[in-house]
Amino acid sequence: MVNHYRPAPSLLVEDGLELRVPEEKDSEELFLKIDENRQYLREWLPWLDDVKSVEEESEAIRQGAYSENGCMYLILLGGSIVGTVGLNSIDWANRRFTIGYWLSEDSTGSGIVTKCCARLIDHCFAELGLHRATILVAVENSISRAVPERLGMSLEGIMKDREWLYDHFVDAAIYGITAPEWHALRNQSVHGPQ
Ligand SMILES: CC(C)(COP(=O)(O)OP(=O)(O)OC[C@H]1O[C@@H](n2cnc3c(N)ncnc32)[C@H](O)[C@@H]1OP(=O)(O)O)[C@@H](O)C(=O)NCCC(=O)NCCS
């Protein structure tokens with residue numbers, strides 16, 4: 001018997017930084033943020049051509065609807081949308097999940113995504129009873145690979161031709177961490193030498 005919990009609809013990361021599931025009313029602000037960053041995001045994300053209007057963004061929000069199998073969170077900095085973190089495809093039978101993310105270019109460089117991922121992983125392990133987190137990143141996306149590396153996740157392998165990116169396939173680096181490994185790392189950084 002596997003327990004299914006619902007992910008929290010919102011998570012406080014730190015003062016002024018919050019994750020919250022989107023509502024229909026967020027469509028316009030989210031679309032404008034994506035549109036501003038279209039060229040920047042297109043280098044590594046495959047879905048930019050599917051979001052060309054506020055209506056399409058509303059539809060994406062409806063489809064990525066909040067459920068026990070996963071959800072998309074808005075990253076809110078001082079109440080404004082600066083990106084998203086996806087808690088993707090929770091596999092309850094095997095107690096594992098995958099995380100994906102993007103940030104608006106002008107919000108990069110201050111640890112926002114790393115902190116949001118850490119908060120989400122904490123929630124998944126501590127409150128949802130999940131056991132394994134995975135992040136898949138294009139092998140050549142070194143800025144994004146730094147996120148799981150900063151979180152203490154291990155490089156487990158390379159998946160060949162994992163994703164079709166508009167006109168070519170890209171290989172993915174698979175990063176993973178289990179709940180006991182995560183807690184050991186956290187305890188080490190709390191109690192370890194400064
Ligand atoms: C991938 C992406 C989200 C990474 O953004 P980022 O700003 O580098 O990541 P973070 O928010 O974790 O910030 C890390 C940076 O903040 C710095 N930083 C400052 N304070 C920090 C803190 N408290 N904790 C962690 N990092 C901190 C880090 O040193 C790092 O800067 P550096 O790269 O100059 O060393 C962003 O580049 C992006 O959206 N790219 C396009 C889409 C994409 O590739 N998505 C991922 C697909 S797998």
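In which hand does helix 4 pass helix 5? Helix 4 passes helix 5 in a right-handed crossing; a crossing is left-handed if the near helix is turned anticlockwise from the far one by less than a right angle, and right-handed if clockwise. The tour returns to this pair after a word on conventions.

The model is predicted: local features need pLDDT of at least 70, side-chain atom pairs count only at pLDDT 80 or more, and totals for chains, interfaces and linings use all residues. Residues are numbered from 1 along each chain as its sequence is written. Helices (H or I, at least four residues) and strands (E, at least two) are DSSP runs, numbered from the N terminus.

**First stop: helix 4 and helix 5**

Select residues 112–126 for helix 4 and residues 142–151 for helix 5. Two packed helices are described by the angle between their axes and the distance between the axes. Here the axes come within 10 Å and cross at roughly 50°, which makes helix 4 oblique to helix 5. Axes are lines fitted to C-alpha atoms, for helices over the stretch in contact, and angles run from 0 to 180 degrees between N-to-C directions. Angles under 35 degrees count as roughly parallel, over 145 as roughly antiparallel, 65 to 115 as roughly perpendicular and the rest as oblique.

Now display the side chains of Val113, Thr114, Cys117 and Ala118 in helix 4, which meet Val147, Arg150 and Leu151 in helix 5. Two residues are in contact if their C-beta atoms, placed from the backbone, lie within 7 Å. By class, this contact has five nonpolar, one polar and one charged residues. Ala, Val, Leu, Ile, Met, Phe, Trp, Tyr, Cys and Pro count as nonpolar, Asp, Glu, Lys and Arg as charged, and the others, Gly among them, as polar.

**Second stop: the ligand**

Keep both helices in view and select the ligand. Which residues come nearest to the ligand? Of the 22 residues around the ligand, these are Trp44, Thr108, Gly111, Val113 and Thr114; a residue is near a molecule or strand if its C-beta atom, placed from the backbone, lies within 6 Å of it. Strand 5 (96–103), helix 4 and helix 5 each supply at least two residues of the shell. The largest share, five residues, comes from helix 5. By class, the shell has 12 nonpolar, eight polar and two charged residues.

Select residues 27–36 for helix 1 and residues 54–63 for helix 3, whose axes come within 9 Å and cross at roughly 110°. The two helices are therefore roughly perpendicular to each other. Their crossing is right-handed. Helix 1 contributes Ser27, Glu28, Leu30 and Phe31 to the contact, and helix 3 contributes Val54, Glu57, Ser58 and Ile61. By class, the contact has four nonpolar, two polar and two charged residues.

Most residues other than glycine have a negative phi, and most peptide bonds are trans. Select aspartate 161 in strand 7 (residues 154–164); aspartate 161 has a positive phi of about 45° although it is not a glycine. Continue to tyrosine 166, in the loop between strand 7 and strand 8 (169–178), where phi is again positive, at about 65°.

Is aspartate 161 buried or exposed? Aspartate 161 is exposed, with 10 other C-beta atoms within 10 Å. A residue is buried if 20 or more other C-beta atoms lie within 10 Å of its own, exposed if 12 or fewer, and partly exposed in between, with C-beta atoms placed from the backbone. Tyrosine 166 is exposed, with 9 such atoms.

In strand 8, select tyrosine 175, which is buried, with 22 other C-beta atoms within 10 Å. Not counting residues up to four places away in sequence, tyrosine 175 touches Thr134, Ile135, Val137, Pro148, Met153, Ser154, Leu155 and Glu156.

Glutamate 14 is found in strand 1 (residues 10–14) and is exposed, with 11 other C-beta atoms within 10 Å.

Arginine 6, in the segment before strand 1, counts as exposed, with 11 C-beta neighbours inside 10 Å. Arginine 6 and cysteine 71 are 65 residues apart in sequence and 9.7 Å apart in space, C-alpha to C-alpha.

Finish at arginine 38 in helix 2 (residues 38–42), which is partly exposed, with 13 other C-beta atoms within 10 Å.
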